[in-house]
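Subject: Handing over the structure

Hi,

Here is the structure I promised to pass on to you. Have a look at it first, and then read on for my notes.

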Amino acid sequence: MMYTSKRKFYVVWEGRAPGVYDSWEECEAQVNGFPGARYKSFGSQADAVAAFRGNVKDDLEIFRQIGAHKCDIVNYSAFPEIRLDAIAVDGACAKNPGPMEYRGVKVSTGEEIFHMGPLEGGTNNIGEYIALIHAASLLARNGDFTTPIYSDSKTALAWVRRGRSNTTVQPNNKNSKVIELLRRADTWLANNRIVNPILKWNTELWGEIPADFGRK
């Protein structure tokens, strides 16, 4: 007889990047070797999100009192319904590397909030990562600590979790602007913690992310 393991979801309350994760590998990366790590597995995403949300409300109140640099990244690997109050971000690149651009839009209306590029010498991953940081820093400057940010990029989300980018692109005469933006994004993330929920866009269920450039 064959047995199939039930899917589990993991809540990390104390770790490198507190949040809800849908695999043990992602959870382990946040808690392994982290002093005072607190985490737990749940049998459903709904239970995991509900358990984690109890801490999110408290964190937001602390955030308002002591400032953005004291807060942790909130990262949901999936979400059952589209949050219309969110910002969606995406990047595009004609080749790898090549002319890169990125933008952020309102999910509810598609209105463009920011747009950078095209800039020579970038990649999709770099553009999607910088777009996430751009959105987070913009919200922080505006004192908005609740608006979610959607991204469909697993790589960009992984870079945010680890606290810096991990590109193999080397600086050269053509990509100086891209590298400057990437370093600024890394510096911002090193000195600030994101409290706004970062949500994974479910392309399979919802279609292309609203910030998509439509060039696939």
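Let me start with a hairpin: strand 5 and strand 6 form one, with 4 residues between the two strands. Please keep in mind as you read that this is a predicted model.

Strand 5 covers residues 87-93, runs antiparallel to strand 6 and is joined to strand 6 by 7 bridges. If you want a pair to look up, Cys 93 has Met 100 in strand 6 as its bridge partner.

Strand 6 (residues 98-106) also pairs with strand 7 (residues 112-122), again in the antiparallel sense, over 6 bridges. Here you can find Tyr 102 opposite Met 116 of strand 7. These two strands make a hairpin as well, with 5 residues between them, and Gly 110 in that hairpin has a positive phi near 80 degrees.

How much of strand 6 is buried? The count is 7 of its 9 residues, so strand 6 is mostly covered.

**Strands 1, 2 and 3**

Strand 1 has two partners. With strand 3 it is antiparallel and joined by 5 bridges, and Val 12 stands opposite Tyr 39 of strand 3. With strand 2 the pairing is also antiparallel, over 3 bridges, and Val 11 has Val 20 in strand 2 as its bridge partner. Strand 1 and strand 2 form a hairpin that has 4 residues between them.

Strand 1 is largely enclosed by the rest of the structure, because 5 of its 6 residues are buried.

**Helix 1**

Next comes helix 1, residues 24-31, where Cys 27, Gln 30 and Val 31 are buried. Why do they lie on the same side of helix 1? They cover an arc of only 85 degrees around the axis, which puts them there together. As a reminder, an α-helix has 3.6 residues a turn, so residues three or four places apart point the same way.

What covers these buried residues of helix 1? The cover includes strand 1 (9-14), strand 2 (19-21), strand 3 (38-42) and helix 4 (154-162). After the helix comes Gly 33, with a positive phi near 80 degrees.

**Aromatic pairs**

The whole structure holds 7 aromatic pairs. In one of them, the ring centres of Tyr 10 and Trp 24 are 5.7 Å apart and the planes are at 55 degrees, so the pair is tilted. It links distant parts of the chain, with Tyr 10 in strand 1 and Trp 24 in helix 1, 14 residues apart. Are these two residues buried or partly exposed? Tyr 10 counts as buried because its relative accessibility is 14%, while Trp 24, at 32%, counts as partly exposed.

Another pair is that of Tyr 150 and Trp 206: the ring centres are 6.0 Å apart and the planes are at 80 degrees, so this pair is edge-to-face. Tyr 150 lies in strand 8 (residues 149-151) and Trp 206 in helix 6 (residues 203-206), so the pair ties together parts that are 56 residues apart in sequence. Both Tyr 150 and Trp 206 are buried.

Enjoy exploring!

Best wishes

Technical notes: Residues numbered from 1 in each chain as written. Predicted model: local features only at pLDDT ≥ 70, side-chain atom pairs only at ≥ 80, totals over all residues. Heavy atoms only, no water. Buried < 20%, exposed > 50% of the residue type's maximum accessible area, 1.4 Å probe, protein only. Arc of directions from axis to C-beta. Contact = heavy atoms within 4.5 Å. Pairing = 2+ DSSP bridges. Phe/Tyr/Trp six-rings, centres within 6.5 Å; stacked < 30°, edge-to-face > 60°.
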